[in-house]
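Colleague: I'm new to this one, so could you walk me through how its helices pack?
Modeller: Gladly, let's look at it together.

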Amino acid sequence: MRYIAVIFLFFMIFANFFCPNNPIAIDLENKLLSSSLQYPLGTDYLGRCILSRALVGMQLTFFSGLFVTTFATILGMIFGIIIGVSNRYVEEILLRFTDIFDSFPSIVIVLIVTSIFGGSAYSLGFALFLTSWTNYTRVSRNLTKELLTKEFIMISKLLNKKRYKIVVEDLLPNVFPKILIIASNSFAGVVLSLAGYSFLGFGVRAPYSELGMMVSEGKDYIYTRPEMIAVPGIIIFFMV
């Protein structure tokens, strides 16, 4: 699997260099073509190169998922540590603030954000960020509470070490590795959510390419041109 991961990363980083054709160029005279030297995986219903669109879509889906996971992890971890070291009253207020985001189903937040900012990779990514940071907050808060009972933290307090130094030097290095494990597992769910919501029409708009949108565009040609739906679907599968 590590070799598959390396290959995916290579193609995702340099996707634009491997595109045999312009991924957004429409050529109705060459629509629904079979595989050829010019179009290795054929063309879609608008004459666009399927391989080029898949490569660019793979890059967009991957980096969108990476950015969403990264920012949700950072914000959630910092906010969770702040809650963990706060006094009881501040902690209750911040926890209730977190509960507000948890109380909304993700589809509701996606609908609200995309209706305000329009459908795009940025608005969908922002909506998924709003629905995912609370998980890291709760875990970080619980880990912080546990660490505050450890001897090395108590020694730091006895030595009159300032609170921000305890957070930066003692808590953060011990919380981050555990949160990173959760983030690596959550990344797959973010990628599936991005593809799923794009399939439903909440993500990237034409003419730009995204894997979930490609699956949606190809569903009407599943019997005549199955590669239109199979190629992005297989890429999503291996990416996850």
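Colleague: What makes α1 and α10 oblique to each other?
Modeller: In this predicted model, the axes of α1 (residues 2-13) and α10 (residues 227-239) cross at roughly 125° and come within 11 Å. Roughly perpendicular covers 65 to 115 degrees and roughly antiparallel starts over 145, with the rest being oblique; α1 and α10 are therefore oblique. Their crossing is left-handed.

Colleague: Which residues meet there, in α1 and in α10?
Modeller: From α1 come I4, F8 and M12, and from α10 come I235, F238 and M239. By class, this contact has six nonpolar residues, with no polar and no charged ones.

Colleague: At what angle do α3 and α6 pack?
Modeller: The angle is about 35°, and the axes of α3 and α6 lie 6 Å apart. Their crossing is right-handed. The contact of α3 with α6 is made up of 15 nonpolar, 11 polar and two charged residues.

Colleague: How many residues are in the largest nonpolar core, and which have the most contacts inside it?
Modeller: That core has 31 residues, and V110, L128, L171 and V175 have the most contacts inside it. Two or more residues come from each of α3 (50-85), α4 (88-103), α5 (106-117), α6 (121-147) and α8 (163-199). The most come from α6, with nine residues.

Colleague: What does L128 touch?
Modeller: Leaving aside residues up to four places away in sequence, L128 touches V68, V110, V190, S193, L194 and Y197. There is also a second, separate core of 21 residues, with L211, V215, M228 and I235 among them.

Definitions and conventions:
Residues numbered from 1 in each chain as written. Predicted model: local features only at pLDDT ≥ 70, side-chain atom pairs only at ≥ 80, totals over all residues. Heavy atoms only, no water. Core = buried A, V, L, I, M, F, W, Y, C linked by side-chain atoms within 4.5 Å. Buried < 20%, exposed > 50% of the residue type's maximum accessible area, 1.4 Å probe, protein only. Helix = DSSP H or I, 4+ residues; strand = E, 2+ residues; numbered from the N terminus. Contact = heavy atoms within 4.5 Å. Axes fitted to C-alpha atoms, helices over the stretch in contact; angles between N-to-C directions. Left-handed = near helix turned anticlockwise from the far one by under 90°. Nonpolar A, V, L, I, M, F, W, Y, C, P; charged D, E, K, R; others polar. Parallel < 35°, antiparallel > 145°, perpendicular 65-115°, else oblique.
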